[in-house]
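Hi,

Here is the structure I promised to pass on.

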Amino acid sequence: MNLLDYLVLFGTLLGIAGYGMWQTRGRRNLTAYVKGAGETRWGTVGLSVMATQASAVTFLSIPGQGYQDGVGFVQNYFGAPLALIIIAAFFLPIYRRLKVYTAYEYLGRRFDGKTRLLGTALFLVQRGLGAGITIYAPAIVLSTMMGWRLDLTIVASGLLVVIYTAAGGSDAVNLTQKYQLGIIFAGMVTAFFVLLAKLPPGLGFGDALALAGKFHKLEAVDFSLDLDRRYTLWSGVLGGMFLALSYFGTDQTQVQRYLAGSSLRESRLGLMFNGVCKIPMQFSILLLGALIFVFYQFERPPVFFNQAAWQRQAEGSGGGRLHALEGEFAAAHASQRQQLQAWLAARHAGDRAAADAACAAALADYERGNAARSATQAALHAADPHTQTNDGDYVFITFILDHLPHGIIGLLVTVFFAATLSSKAGELNALGTTTTVDLYRHLRREATDAHYVAASRWFTVFWGLMAIAFALFANLVENLIQAVNILGSIFYGVVLGLFLVAFFLKRVGGTAVFAGALVAQALVIALYVTLNISFLWYNLIGCAACVGFSLGLHAALGARDRAGLIPAP
Amino acid sequence: MKPPPAPEFSPPPGAGRDAVEPGGPGLPGLRTWRAVYAVVFGCFAAYVALLAWFTWLFSR
């Protein structure tokens, strides 16, 4: 990065944060601080919901997924539109009618205090941990690639978001997210077109797609019924729907975003905007990764994308082996490139037999290169067991730093930080609000609005510092995006079960649902430890177990299971 | 003894608007929320169909 890149980076991030704080200064009323000033339109709600979900992990990791495994990960999002329709039709009107500040406040009013506390605790535990990953994930990748200090990267990005979120509350989050998402879209679209321009002469967009298809990178939909497969149409629609129902419908991080809408209409349209845009957006990011794969078939990639880790080991005692493997990889890649040029010429000439033969030879070279890559990963792991062998998170940033012009590098690095700030702001805002509304105000009952606003600010700061501390001491997990989703799936199903019982099973009371949720959560954790199935299924299992146990316990307890204060619709 | 309920906060500007103005989506050609949901569901079905076709097209 040069001076221009740093100007783009700091100018954009500080400018947006400063503008957000200035526009929302002086919030003294808790409702305005938590829900906004009641003027938020559907466009802002929709962008805010999108920005909260799309963290830097989305833009760093997902192109890497597209590069390594193809676009099949898009199936993970198939359940989202269905879930958003259900939330807009059933969940949202109840939240708004009861004028709750948090989703867990509704549980308290429907059941009792202990169920509210259970929902609050599950949210605070999993979101508190996830918040650390949101900062750590991009920081580790960016600091490694840029040569920055990891601790300074974490602290700087963490403190910036803490300051403007605590100062401006919900409106500051919504406002800054809108502009941050604008920067993100501009950066990703720029990267897409620059990538297309950098493809070899003669290789058009159609050729690039055909080539990606030959390497099995464009298998977007898998109809397989095999439960062991991580992403299929069925796990995406069913498991993904339960994950999205839980995340968008019961996670305060999202609930707070759409409750900020000035009316039921604005909140609903904001959700429907996401229902329409979510799948195309995720597919575009994955397709970008698949096209980077095509680019690197003609331009030799590093044998291991985390080049800092490779370099460290290459300078040590095992360096000879790593250099030899790099030589094998380079030879396989050179041969593969020749075969692909022959494939391209035959394709343009309409010679299908020659194209098929060249493609088969290129695939054989690709397997040789992959074997050298796998051996490199094994050698790195053997030399240092802490080395992360999955280098997918480093693919996109390597492409950016090695092949994009200055200015655009700054823009793309800004994208990653803007995404970190936007999702982190939503999380901190929700954590601070939930701690104030569902815990603190039940301990300190007679206080002014100004007091609760101050408390909410301090709790936001507390969670921000907790997230920074967690990020500073966290160890890197195998794949960042999956770690976040797996963590969510373990807890989300049970939380969704709590809410489904609340909304639709009016006879079930707090005692049965509380015990049912605890047993269901224990079951999900036990299954996660013992089984090897797609993590998306845990959303379905946790939800079904919570509902089933609640019904069973309600039948067993009879009149002792007191029904809630507010009847279900 | 049952604890007293948690305090109510001051209402936001425009609070309670939904209770008296349930309203429709106000989108051209879409008079009811059911129509909006049908459009969103139609988009979902179209995306899945297009991606399935995309998969078939580039796996030959």
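How many helices and strands are there in chain B? Chain B has two helices and zero strands, where helices (H or I, at least four residues) and strands (E, at least two) are DSSP runs numbered from the N terminus.

Please keep in mind that this is a predicted model, in which local features need pLDDT of at least 70, side-chain atom pairs count only at pLDDT 80 or more, and totals for chains, interfaces and linings use all residues. Residues are numbered from 1 along each chain as its sequence is written, while chains are lettered from A and ligands numbered from 1 in the order in which they are written.

Of the 60 residues in chain B, 18% are buried (20 or more other C-beta atoms within 10 Å of the residue's own, with C-beta atoms placed from the backbone).

In chain A, helix 3 (residues 42-53) is mostly covered, with 11 of its 12 residues buried. Among them are Trp42(A), Leu47(A) and Met50(A). These buried residues pack against helix 8 (150-198), helix 11 (252-259), helix 12 (264-298) and helix 17 (408-443) of chain A, counting contacts as C-beta atoms within 7 Å.

Also in chain A, the axes of helix 6 (residues 103-110) and helix 7 (residues 113-146) come within 7 Å and cross at roughly 160 degrees; axes are lines fitted to C-alpha atoms over the stretch in contact, and angles run from 0 to 180 degrees between N-to-C directions. Helix 6 and helix 7 of chain A are therefore roughly antiparallel (over 145 degrees).

Best wishes

Methods
Parallel < 35°, antiparallel > 145°, perpendicular 65-115°, else oblique. Contact = placed C-beta atoms within 7 Å.
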